[in-house]
Amino acid sequence: AGPVAEELYRGCRGFIQTDDYAGYNALFRGGGAVRVGCWDHVRRYFVEAQPVAGKDCVTVLQEIAELYKLECKYKTLTVVERQAARDKHSRKLIESLKTRLDALNQRVLPKSPFGEAIHYALGQWDALTVFLEHGQVALSNAPIEREIRPIAVGRHNWHFAGSERGARWAACLFSLIATCRSHGVNVFDYFSDVLR
């Protein structure tokens, strides 16, 4: 819920990548944190709309796929190099996509699945384009969501953490494990070193 997000991220500076969940809105008032949108969430809406939306939706999905192909090429670049590459190539693609979505928004039924997908994308356009200005920002938070999936799946197995303190320690450990994995650090070696 929103109050939990406010408590967890109070005073946070920098980028927070989220979907369009309104519970996060308070975090971005006052300018301390910058909301970054997730292109995987946007893409999902278009994928769901595609069976009934037709070729326009396919074209939008193809443009989003091109964006991801570019990002794959940028993976090995430094933050500064990635920023320059995005400015040179991704920006044109994003501008084209925005023009297409604006035009489609004028003629697609707003309550149709395709109309809702367009509304979702345009409604958070500023957050979705933050990556163009910041080379360190990811296009999607899907890798992080994959890291926390075992927690969501396992929560029924350990329905209670024993105490609030235990839950906080579990959250810290899960965060450290996920961070190790995302940086290619051997989790066992990391904890062996840290705990010694």
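User: What percentage of the 196 residues in the chain do buried residues make up?

Analyst: This is a predicted model, and a residue counts as buried here when its relative accessible area is under 20%. By that criterion, the share of the 196 residues that buried residues make up is 34%.

User: Which pattern does the chain follow when read along the sequence?

Analyst: The chain has nine helices and two strands, and its C-alpha trace spans about 60 × 40 × 35 Å along the principal axes. Read along the sequence, these elements follow the pattern α-β-β-α-α-α-α-α-α-α-α.

User: Is the aromatic pair of Trp39 and Trp125 stacked or edge-to-face?

Analyst: The count of aromatic pairs in the model comes to five. In the pair formed by Trp39 and Trp125, the ring centres lie 5.8 Å apart and the angle between the planes is 85°. Since planes over 60 degrees apart are assigned to that class, the pair of Trp39 and Trp125 is edge-to-face.

User: How many residues apart in sequence are the parts that the pair of Trp39 and Trp125 ties together?

Analyst: Trp39 is buried, because its relative accessibility is 0%, and Trp125 is likewise classed as buried, with a relative accessible area of 9%. Trp39 belongs to helix H2 (residues 39-53) and Trp125 to helix H6 (residues 125-128), so the parts tied together by this pair are separated in sequence by 86 residues.

User: Which helices hold Tyr45 and Tyr120?

Analyst: Tyr45 and Tyr120 form a stacked aromatic pair, at 4.2 Å centre to centre and with 20° between the planes. Tyr45 is partly exposed, at a relative accessible area of 35%, whereas Tyr120 counts as buried at 10% relative accessibility. The pair ties together parts that are 75 residues apart in sequence, because Tyr45 and Tyr120 lie respectively in helix H2 and helix H5 (residues 113-123).

User: Is Leu8 buried or exposed?

Analyst: Leu8 is found in helix H1 (residues 2-9), and together with Val4 and Tyr9 this residue makes a nonpolar surface patch of about 300 Å². The relative accessible area of Leu8 is 61%; because the class in question requires a value over 50%, Leu8 is exposed.

User: Where is Arg146, one of the residues in the patch of positive charge on the surface?

Analyst: On the surface, a patch of positive charge is formed where Arg44, Lys75, Arg146 and Arg149 gather. Among these residues, Arg146 has its place within residues 142-154, which make up helix H7.

Conventions. Residues are numbered from 1 along each chain as its sequence is written. This is a predicted model: local features need pLDDT of at least 70, side-chain atom pairs count only at pLDDT 80 or more; totals for chains, interfaces and linings use all residues. Side-chain values use heavy atoms; hydrogens and water are left out. Patches are made of residues with over 30% relative accessible area and no salt bridge: like charges are joined within 9 Å, nonpolar side chains (Val, Leu, Ile, Met, Phe, Trp, Tyr) within 5 Å. Accessible areas come from the Shrake-Rupley method with a 1.4 Å probe; for residues, only the protein chains shown count as cover. A salt bridge is a side-chain nitrogen of Lys or Arg within 4 Å of a carboxyl oxygen of Asp or Glu. Lys and Arg count as positive and Asp and Glu as negative; His and the chain ends are not counted. The place of a charge is taken as NZ of Lys, CZ of Arg, CG of Asp or CD of Glu. Helices (H or I, at least four residues) and strands (E, at least two) are DSSP runs, numbered from the N terminus. Buried means under 20% relative accessible area, exposed over 50%, partly exposed in between (1.4 Å probe, protein chains only). Rings of Phe, Tyr and Trp (its six-membered ring) pair if their centres lie within 6.5 Å; planes under 30 degrees apart count as stacked, over 60 as edge-to-face and the rest as tilted.
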